Amino acid sequence: MINLTIIDRDGGRMPVEIPEGINLSLMEVLKASEYEILATCGGMALCATCHVQVIEGPEQYFTPTDAELDVLDTLPYVEPSSRLACQIRITEDMDGMVFKLMGGD
Ligand code: FES
């Protein structure tokens, strides 16, 4: 199992367990876990409604890609470790990571 911790928009921390080997993005996992993620573009890195912040995890996850930055730049408030959850594929090295849901206001 890959264990993540999700901090919701009210500050609550909840564990999310993900079976290894599933081919999903973090956005798809969050939606399946019934978090309020609109994902209106369906994971195309266009809408930014899947905005999350990386709180803990391997260093490479803290940096958004150029495609993510193009979209994140349109938001009024981002953090240096802001990411688009649809652009993060679930892999085993994510075990123990902590993400915070952003936006939604
Ligand atoms: S789902 Fe639209 S940017 Fe991620």
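Predicted model: local features only at pLDDT ≥ 70, side-chain atom pairs only at ≥ 80, totals over all residues.
Local features rest on pLDDT of at least 70 and side-chain atom pairs on pLDDT 80 or more, while totals for chains, interfaces and linings use all residues. Residues are numbered from 1 along each chain as its sequence is written, and side-chain values use heavy atoms, with hydrogens and water left out.

The largest nonpolar core holds 29 residues. Such a core is a set of buried Ala, Val, Leu, Ile, Met, Phe, Trp, Tyr and Cys residues joined through side-chain atoms within 4.5 Å. Buried means under 20% relative accessible area, exposed means over 50%, and partly exposed lies in between (1.4 Å probe, protein chains only). Leu4, Leu26, Leu30, Met94 and Phe99 have the most contacts inside the core. Two or more residues come from each of strand S1 (2–7), strand S2 (13–18), helix H1 (26–32), strand S3 (51–56), helix H2 and strand S5 (98–101). The largest share, 4 residues, is given by H1. Helices (H or I, at least four residues) and strands (E, at least two) are DSSP runs, numbered from the N terminus.

Contacts of Leu30 were listed without residues up to four places away in sequence. Leu30 touches Ile6, Tyr35, Ile37, Val52, Ala85 and Leu101. Contact means heavy atoms within 4.5 Å.

The loop between helix H2 (66–72) and strand S4 (82–84) contains Ser81. Ser81 is buried, at 8% relative accessible area. With residues up to four places away in sequence not counted, Ser81 touches Val52, Gln53, Val54 and Phe62. A polar atom of the Ser81 side chain lies 2.9 Å from the backbone oxygen of Val54.

Val78 is found in the loop between H2 and S4. Val78 is partly exposed, with a relative accessible area of 34%. Val78 touches His51 and Leu72, again not counting residues up to four places away in sequence. Val78 and Leu26 are 52 residues apart in sequence, and their C-alpha atoms are 18 Å apart in space.

Most residues other than glycine have a negative phi. Ala39 has a positive phi of about 50° although it is not a glycine. Ala45 has a positive phi of about 60°, and it is not a glycine either. Ala39 lies in the loop between H1 and S3. Ala45 is also found in the loop between H1 and S3. Ala39 counts as buried because its relative accessibility is 10%. Ala45, at 11% relative accessibility, counts as buried.

Note on methods
Polar contact = N/O pair within 3.5 Å; in protein donor to acceptor, adjacent residues only side chain to side chain.
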